[in-house]
Amino acid sequence: MLRLASYDIVFQEIPDEVTLALNLSGCPNRCTGCHSPHLQEDTGKALNEKVLENLLEKYGNAVTCICFMGGDGFPEEVLKLAQFIRRRGEIFFALKTAWYSGKPELYKDAELYFDYIKTGKYMKELGGLNVPTTNQRLYKIENKTMINITNKFYKQ
Ligand code: SF4
């Protein structure tokens, strides 16, 4: 079951967006040097359409993007909730959708429901998204075309 450990409004995870980041627990990736080990536990309350709708009503006007941080243990549920946000587009039409996955590749059809997807495990020796040696990638998706925008994170 997809569980919401916490959430926050953030400004750097998705370039040029104000993002409601949903921190999902139950992460199966076991990255060496994991920066959020508490997210490997099954903590938090179940994240479903009702909980998401409440969050959208509360914060939808304050952000431009909703980002699922994790959820690799339950990818089908993440995809369903992204579809839910898209279906609610008549109300929250301006909201983009994003997914920070730790998997090396996109899940099937994920490009249909997200505007941004981050892929790749965190590997301490290669560094995070802010260094050019990273194995991680952030893609912007436009018309089902994936555009690698990882270099937007590199420190100037
Ligand atoms: S993807 Fe890796 S770094 Fe992120 S919570 Fe899971 S194990 Fe930790």
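In strand β5 (residues 96-100), the bridge partner of M69 is Y100. This pairing belongs to a predicted model, in which local features need pLDDT of at least 70, side-chain atom pairs count only at pLDDT 80 or more, and totals for chains, interfaces and linings use all residues. Residues are numbered from 1 along each chain as its sequence is written. Strands here are DSSP runs of E with at least two residues, helices are DSSP runs of H or I with at least four residues, and both are numbered from the N terminus. Two strands are taken to pair if DSSP finds at least two bridges between them. By this criterion β4 and β5 pair in the parallel sense over five bridges. On β5, A98 has Y116 of β6 as its bridge partner, and β5 is joined to strand β6 (residues 116-119) by three bridges, the two strands running parallel. A residue is called buried if 20 or more other C-beta atoms lie within 10 Å of its own, exposed if 12 or fewer do, and partly exposed in between, with C-beta atoms placed from the backbone. Four of the five residues of β5 are buried, so the strand is largely enclosed by the rest of the structure.

Strand β2 (residues 19-24) is also largely enclosed by the rest of the structure, because six of its six residues are buried. In a regular strand the side chains alternate between the two faces of the sheet. In β2, T19, A21 and N23 point one way, L20, L22 and L24 point the other way, and all of them are buried. Strand β1 (residues 3-10) pairs with β2 in the antiparallel sense over six bridges, and I9 has L20 of β2 as its bridge partner. The bridge partner of T19 in β4 is C65.

Strands of a sheet pair through backbone hydrogen bonds, either parallel or antiparallel. The pairings in this model include an open sheet of eight strands with mixed pairing, in the order β3-β1-β2-β4-β5-β6-β7-β8. Its edge strands are β3 (45-46) and β8 (145-148), each of which pairs on one side only. Strand β7 (residues 137-142) and β8 pair in the antiparallel sense over four bridges, with I141 opposite M146 in β8.

The loop between β7 and β8 contains N143 and also K144. Phi of N143 is near 50°, a positive value in a residue other than glycine. K144, likewise not a glycine, has a positive phi of about 65°. N143 is exposed, with 5 other C-beta atoms within 10 Å, and K144 counts as exposed with 7 C-beta neighbours inside 10 Å.

Two helices lie across the strands named below. Two residues are in contact if their C-beta atoms, placed from the backbone, lie within 7 Å. Axes are lines fitted to C-alpha atoms, for helices over the stretch in contact, and angles run from 0 to 180 degrees between N-to-C directions. Helix α1 lies across β1, β2 and β3 and runs at about 15° to β1, whereas helix α2 (residues 75-87) lies across β4 and β5 and runs at about 165° to β5. Helix α1 (residues 49-59) includes E57, which counts as exposed with 12 C-beta neighbours inside 10 Å. The C-alpha atoms of E57 and T43 are separated by 24 Å, the two residues being 14 residues apart along the chain.

Overall, the protein has two helices and eight strands, following the pattern β-β-β-α-β-α-β-β-β-β along the sequence. The radius of gyration is 15 Å, close to the 15 Å that the globule rule gives for 156 residues, so the protein is as compact as a globular protein of that length. This radius is taken over C-alpha atoms, and the globule rule is 2.2 Å times the number of residues to the power 0.38. Buried residues make up 32% of the 156 residues.
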